[in-house]
Amino acid sequence: SPDFSDTPVLPELQAILKEAKASVNKYWSDPLMPVAFLNRNWHYGNVTQSAPVINDYFAIPMITVLAPTHNAGMSLVLSPDDVMLYMDLSVTPNGDIQFNRLNHRLGENRTVKFSMNLVLHEASWRGGLRFMTQCYPQCFEAPNQRVHQIGGCGAYSISEAPIDVEKFKKMSFGFNWKLSDDFPYMGMFIPPVKNGNEKWKRSCDEKAPPDKDSLVSCRQLNDYAKYMKRNGFSVLSYFNVTEFGKNMYNRKAVLHSNDPELWKDPVAYLKYCLPNAVFDPGIQTCYYAYIVDPADPDYLKFILEQAERHIKLLPSTDGICIDRADWLKLFNTKADDGVSWVNDKPARSLFRSWIIMQKQLGPMMHNADKVIFSNLMALRLELGNELDGIYTEFGNNGNALNASALLGTRKPVVGWTVNETINEPNSDDFMQRHLHLGVFPTAPYPYNHHSINPEPTADKLYLDYGLLLNAMRGKKWVLEPNCVETTTKGVKVNMFEVPGGYALPVTFGGKAESAIVRVRNISGLDKMKVTVIHPGDDLEIPVVSTYKDGVLELNVSLKLGCGMVKLTTLKN
């Protein structure tokens, strides 16, 4: 949250900055509000910590400067097609802007090339982002567009028990990212079983329902996914490309390289099959696994074999969600990617390793009509080219929520939620910041792991806002110039394209009973049906609207300071 005290401000920004300051609190601040030039420095991606909870990073390589009195804006856009290693951005109160790139290898007759665009546009944050989505669509568009049918509120649960289908549909529930406890150990997600009926002993490290057996098979996992799909939901399998093993420290290999069950001994399997995958055995993870490099040739082959087993043996799942992308901030000093330079010697950036791996994993999954989500804890634009969606584990934190939302302007985004989060600072603010940014929260699903579990208050909140969340299923941000605005003080508006029309969340109205909203630069505005959905209501209510000179003006009624406006394209 920025500090506006003692900051030189141009007169035309006074009103805007006053409103921005009012929107700042310790839980969340609106990333779409402009701020003054400050003495600040940010890293590209959250490279200073595993959890992206500190506001010291940016996720899209650009900066936008606005001059509202002249309706002018300018964005400096750095190409995400360039090699991106470590990079910082700094600004000063005098208006100085500086990008600093680090760890690039120079010399040896090599060429290091960087591309940038200086883009002129209207006085809005939308201008620079519009250019980026048009110029670099591969970073924003989901490779498998079917993901928009899957995206909705998520879960991270080990439970395979039947659920109240109608209740979860009313909550806008979309999918369960199946909890990471069905594998025998991290990395070995499906062992080399002979068929779908062969069982293996699962990890059993996490709390599970009483009826959950210690043995599991692909048939059992697929039957659960089949049940979910039959009822309109999806299952994403747990995947991880940066960690391998379980309780690896101070252990020796037990099995020999020629043992037919070598896979049951992670220490031996790593030693004989993946000898160069580990690059820093001193780093410990939550399962006491080793950190591994996804571009190591042997390990990359292993990753792709795991993906093939998912496709073959779990046909009813809709894809995978890749965990622990935070380790990508590391450098493998035992390898050489040809571009990185660390501590006066070559290295391989795991950012580059991820891109190498994704270029093979992505087409494999997408050709099988599967989707790829990721817990993209390293929040950087170029890492998402093969991703269809984002499930951010720290979405309950304002910084990760904002960064993920902007990276997912044309993809579904799900934010992590714990029971306490919905009261920070209150449950309506919690839901309305998700609506404002087009992000789905985690639903209160049984046996959710370190996330929100069912309880009466949470269930009621999600049922109250479920229709509003449903209205933005399949959303893509509208970035046309001045496409939506409000003249009602304190109210926030945004606009998403959705199947059949548009969704327009009107939020943070407080005690206001209505808001004036204007929409422009959208084709067919004069031929749209306009309704609004309020929290806790089951019906859409017509909205009073007038159309004149290309502007559609809406008088939107509010409840709890909120309403989700639906603009439905009418057929001839």
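Trainee: Is tyrosine 57 buried or exposed, and why?

Mentor: Tyrosine 57 counts as buried because its relative accessibility is 7%, where buried means under 20% relative accessible area, exposed means over 50% and partly exposed lies in between, with a 1.4 Å probe and protein chains only. Before going on, note that this is a predicted model, in which local features need pLDDT of at least 70 and side-chain atom pairs count only at pLDDT 80 or more, while totals for chains, interfaces and linings use all residues. Residues are numbered from 1 along each chain as its sequence is written, and side-chain values use heavy atoms, with hydrogens and water left out.

Trainee: Where is tyrosine 57 found, and which residues does tyrosine 57 touch?

Mentor: Tyrosine 57 belongs to strand β2, residues 57-58; helices (H or I, at least four residues) and strands (E, at least two) are DSSP runs, numbered from the N terminus. Contact means heavy atoms within 4.5 Å, and, leaving aside residues up to four places away in sequence, the contacts of tyrosine 57 include Trp42, His43, Pro52, Leu379, Asn399 and Ala403. Valine 47 is 10 residues from tyrosine 57 in sequence, with 8.0 Å between their C-alpha atoms.

Trainee: What does threonine 392 touch?

Mentor: Threonine 392, which lies in strand β20 (residues 389-392), counts as buried because its relative accessibility is 2%. Not counting residues up to four places away in sequence, threonine 392 touches Asn375, Ala400, Ser404, Val414, Gly415 and Trp416.

Trainee: How should I read the length of a helix, and what span does α5 have?

Mentor: The expected span of a helix is 1.5 Å times one less than its number of residues. For the 13 residues of α5 this gives 18 Å, and the end C-alpha atoms are 18 Å apart, so the two values agree. Helix α7 (residues 297-313), with 17 residues, reaches 24 Å from its first C-alpha to its last, close to the expected 24 Å.

Trainee: Which residues of α5 are buried, and what covers them?

Mentor: In α5, Cys218, Leu221, Asn222, Tyr224, Ala225, Tyr227 and Met228 are buried, and their cover includes α4 (165-170), β9 (173-177), β10 (199-201), β11 (215-217), β12 and α7. The buried residues of α7, among them Tyr299, Phe302, Ile303 and His310, pack in turn against α5, β12, β13 (243-244), α6 (266-273), β15 (319-323) and α8 (350-367).

Trainee: How many cavities are there, and what lines the largest cavity?

Mentor: On a 1 Å grid over the protein atoms alone, a cavity is a set of points where a 1.4 Å probe fits but cannot get out, and lining residues have an atom within 4 Å of a point. Grid points are joined across faces, edges and corners, and a volume is the space filled by probe spheres set on the points. Five cavities of 30 Å³ or more are counted in this way, and the largest has a volume of about 180 Å³. Its lining comprises 16 residues, of which Lys178, Asp182, Leu221, Ser237 and Tyr238 are the closest to its centre. Both α5 (218-230) and β12 (234-240) supply at least two lining residues, with β12 giving the most, three.

Trainee: What should I look for in the backbone, and which residues does a cis peptide bond join?

Mentor: Most residues other than glycine have a negative phi, and most peptide bonds are trans. Here a cis peptide bond, with omega about -10°, joins glutamate 424 and proline 425, the latter in the loop between β21 (413-415) and α10 (427-437). Serine 172, although not a glycine, has a positive phi of about 65°; serine 172 lies in the loop between α4 and β9 and counts as buried because its relative accessibility is 0%. Asparagine 247, also not a glycine, has a positive phi of about 50° and sits in the loop between β13 and α6, where its relative accessible area of 40% makes it partly exposed.

Key:
1 Å grid on protein atoms, 1.4 Å probe; cavity = no way out; pocket = protein on both sides within 12 Å on 5 of 7 lines; lining within 4 Å.
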